[in-house]
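Subject: Handing over a structure

Dear colleague,

I am passing this structure on to you, together with some notes on what turned up in it. Please have the sequence and the 3D view open while you read.

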Amino acid sequence: MFYQTIDILGTVAFAISGVLVAMEKRLDLFGVLIIAFVTAIGGGTLRDLLIGNTPVIWMRDLTYVTTIFITVILGIIFVNQLKYLRRSLFLFDTIGIGLYTLIGIEKGLQADLSPVMCIALGTMTASFGGVIRDMLCNEIPVIFRKEIYATACIIGGASYFLFRELPLNENYAYLAAIIVVIGLRLVAVKFGISLPNIYREERN
Amino acid sequence: MFYQTIDILGTVAFAISGVLVAMEKRLDLFGVLIIAFVTAIGGGTLRDLLIGNTPVIWMRDLTYVTTIFITVILGIIFVNQLKYLRRSLFLFDTIGIGLYTLIGIEKGLQADLSPVMCIALGTMTASFGGVIRDMLCNEIPVIFRKEIYATACIIGGASYFLFRELPLNENYAYLAAIIVVIGLRLVAVKFGISLPNIYREERN
Amino acid sequence: MFYQTIDILGTVAFAISGVLVAMEKRLDLFGVLIIAFVTAIGGGTLRDLLIGNTPVIWMRDLTYVTTIFITVILGIIFVNQLKYLRRSLFLFDTIGIGLYTLIGIEKGLQADLSPVMCIALGTMTASFGGVIRDMLCNEIPVIFRKEIYATACIIGGASYFLFRELPLNENYAYLAAIIVVIGLRLVAVKFGISLPNIYREERN
C-alpha cells in the first residue's frame with residue numbers, strides 16, 4: 001500500500017515535469033500527453049527492453065497510463081496553480097527518483113545481473129524518462145548538464161549493496177538506500193552542489 | 001492481395017515523406033535512405049519491441065526493405081516531379097495511417113493486451129515513424145505541434161472496439177475503423193482543424 | 001585473444017570519440033560518461049534489441065562497461081594530449097568499425113536472417129552508437145551528412161557474402177571483409193571521397 005502510493009506519487013511528479021516542459025515548447029494536447037507519458041515511463045521502458053522483460057510493464061498494468069492521463073488533464077486545467085506547488089513537486093520527484101532507483105535494482109537482481117548492472121538499471125529507471133523527454137523537445141538532456149541527479153541514484157544504488165551486507169532485514173537495506181538517494185539530492189540542491197563541467201580549452 | 005497492396009502503398013508514402021524531409025536537411029544518400037527507412041518502419045519497430053515480438057517484422061520479411069529502397073531511388077531521381085504528386089501522396093499517407101493503426105491494434109490483441117493498450121499500439125505504429133524521423137533531423141516532432149493526426153488514430157482505434165460490439169462480421173468493424181481514421185484526417189486537413197496549443201502564460 | 005584485443009581497442013576508440021563530442025558540448029562528468037557509453041555500445045544494443053537477444057551483451061559481460069569507464073577517466077585526465085593521438089584514434093575507430101560490422105553480421109547469421117538483413121545489422125552495430133551520440137547532443141547525426149562510413153560497412157558486409165562463396169576457409173572471408181571495410185574508409189578519408197549531397201532545388 002505504502003509502496004504503491006509512493007509509486008503513484010512518483011509517476012505523478014514525473015508526468016507533471018513532462019507537462020511543464022511540453023507546455024514551454026508550446027506543444028499541442030497530444031504532444032503534452034506523450035511528453036508526460038515518456039517522462040514518467042521512459043526509464044522503466046528502456047530498462048525492461050534491455051533486460052528483455054516484455055511486454056513492458058505499463059502495457060500490462062493500466063495503473064500507470066490512467067495515472068498519467070488524469071495527471072495531464074489536471075495539470076493542464078490547473079497550470080497556473082502548478083507553480084505554487086513547485087516545492088511539493090520537487091519533493092515528489094525526489095521521492096520518485098529514490099523509489100525508481102531501487103525498483104530498477106530489484107529488476108536487475110531478478111534477471112541475475114551483477115551489482116554494477118543493477119545500479120545502472122536503477123539509475124536508468126530513475127533518470128532516462130527525463131532524457132527521452134529532453135530529446136523529444138530538442139534539448140540536450142538537462143541531467144547531462146547540471147545538478148547531482150544520476151549521481152544520487154548511483155551512490156544510493158551502491159549503498160544498497162553495502163547495506164545488504166549488514167546483519168539487517170533486507171527491507172531495511174532497501175529503505176536505507178532510498179533514503180540515501182533522496183538525502184543526496186536534497187542536500188545537493190539545497191547547497192547548489194553539482195558535478196564539475198569538464199570542457200576542452202580549445203576547439204581543434 | 002488488397003491488404004498487401006495498401007500496406008505497400010502506405011510504406012511507399014511514408015518512405016517518400018522521409019525522403020522529402022531528409023532532402024530539405026541536405027543529408028547525403030545514406031542519410032536519405034535511413035530517414036526514409038525509419039519513417040516507414042519506425043512505428044512498427046517500436047511496437048514490436050514493446051510487446052517483445054522479435055526479430056522485428058522487417059528483419060524477417062524483405063518486402064518492406066525492398067519497397068523502401070526502390071522508393072528512395074525513384075524518389076531521388078524524380079524529386080522535381082514529386083511536388084505534382086503531393087495530393088496523391090497525402091492520400092497514400094492517410095490510407096497508410098488508417099491501415100497501420102489497425103495493424104497495431106491487431107498485434108495488441110494477439111498479445112492479449114487491453115483495448116486501451118491496443119489503441120496506443122495502433123497509434124504508435126501509425127505515427128512514431130514520423131517522430132523518430134523528426135528526432136533524427138533535429139526537429140521537434142511535427143505531430144506534437146499541429147494537425148489532427150494521432151487523434152485520428154486514437155478515435156479510429158476506439159471506434160474499432162465499438163464496432164466490434166455490433167452484430168457484424170469482424171472484418172466490417174476492421175474496415176469501418178480504417179475509414180474513421182482516414183475520414184477524420186481528411187476532414188481535419190480540409191477544414192484546418194487542429195488540437196489547441198496549450199501554453200503557459202509566463203515562464204517561471 | 002587477437003579478436004578480444006581489437007574488440008577492446010574498438011570500444012576504447014568509440015568511447016573516446018564520445019568523450020570528445022561530450023566535452024565540446026560542455027556536459028558534466030555524468031553526461032560525458034553516458035555519451036561515451038552510448039557511442040561505444042549503442043549500435044550493438046540496438047542490434048540486440050531488434051533481434052531479441054536480451055539481456056543485451058554489455059549487461060552480461062562487464063568487460064565493456066569497465067573498459068569504457070577507464071577510458072573516460074583517462075580521457076578526461078589526458079584531454080589535452082588526446083589531440084596528438086588523433087591519427088591513432090582514427091585508426092582504432094576504423095578498425096573498430098570493420099570488426100563491429102562483422103560481429104553484427106555474425107549475430108544476424110545466428111538469428112537465421114537473410115544476407116541483406118545481416119549486412120544491415122552489421123552496419124547498425126558499427127554506426128548507430130555515433131547516431132545516438134549525436135541525437136543526445138542535439139546534432140543531426142554526422143554519418144548522415146558526410147564521409148564514406150556506413151557505405152564502407154555495407155560494401156564490406158556484402159563482400160563477406162561474396163568471399164564466403166569462394167573455396168576458402170570461412171575465417172578468411174571474415175578477415176577479408178574486415179579489411180575491405182577498413183580499406184574503403186581509409187581510402188575515402190585520404191582522398192576526401194564522400195557520398196553526393198542530394199538536395200531539392202527549391203522549398204515547396
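The notes below begin with chain A as a whole and then turn to aromatic rings and to a pair of helices.

Please keep in mind throughout that this is a predicted model. Chain A contains 9 helices and 0 strands, so that reading along its sequence gives the pattern α-α-α-α-α-α-α-α-α. Of the 204 residues in chain A, 54% are buried, and its accessible surface comes to about 9,100 Å², with 65% of that area belonging to carbon and sulfur atoms. Among the contacts in chain A with a separation of 6 or more, 71% are accounted for by residues 24 or more positions apart.

Turning to the aromatic rings, the count over all chains comes to 12 aromatic pairs. One of them is formed by C:F14 and C:Y100, an edge-to-face pair with 5.0 Å from centre to centre and 70° between the planes. Because C:F14 lies in helix α1 (residues 2-24) of chain C and C:Y100 in helix α6 (residues 86-110) of chain C, this pair ties together parts that are 86 residues apart in sequence. Both partners lie under the 20% cut-off for burial, since C:F14 has a relative accessibility of 4% and C:Y100 a relative accessible area of 6%.

A second example in chain C is the pair of C:Y160 and C:Y174, whose ring centres are 6.4 Å apart and whose planes stand at 90°, so the pair is edge-to-face. Here C:Y160 belongs to helix α8 (residues 150-163) of chain C and C:Y174 to helix α9 (residues 170-190) of chain C, and the pair therefore ties together parts that are 14 residues apart in sequence. C:Y160 counts as buried at 2% relative accessibility, and C:Y174 counts as buried at 16%. In chain A, A:Y160, A:F161 and A:Y174 form one aromatic cluster.

How do two helices of chain B, α7(B) and α8(B), lie to each other? The axes of helix α7 (residues 115-136) and helix α8 (residues 150-163) of chain B come within 9 Å and cross at roughly 140°, and the two helices are therefore oblique to each other. The crossing in which α7(B) passes α8(B) is right-handed. Where they meet, the residues on the side of α7(B) include B:P115, B:C118 and B:I119, while those on the side of α8(B) include B:A150, B:C153, B:G157 and B:F161.

Note on methods: Residues are numbered from 1 along each chain as its sequence is written. Chains are lettered from A and ligands numbered from 1 in the order in which they are written. This is a predicted model: local features need pLDDT of at least 70, side-chain atom pairs count only at pLDDT 80 or more; totals for chains, interfaces and linings use all residues. Side-chain values use heavy atoms; hydrogens and water are left out. Helices (H or I, at least four residues) and strands (E, at least two) are DSSP runs, numbered from the N terminus. Buried means under 20% relative accessible area, exposed over 50%, partly exposed in between (1.4 Å probe, protein chains only). Contact means heavy atoms within 4.5 Å. Accessible areas come from the Shrake-Rupley method with a 1.4 Å probe; for residues, only the protein chains shown count as cover. Rings of Phe, Tyr and Trp (its six-membered ring) pair if their centres lie within 6.5 Å; planes under 30 degrees apart count as stacked, over 60 as edge-to-face and the rest as tilted. Axes are lines fitted to C-alpha atoms, for helices over the stretch in contact, and angles run from 0 to 180 degrees between N-to-C directions. Angles under 35 degrees count as roughly parallel, over 145 as roughly antiparallel, 65 to 115 as roughly perpendicular and the rest as oblique. A crossing is left-handed if the near helix is turned anticlockwise from the far one by less than a right angle, and right-handed if clockwise.
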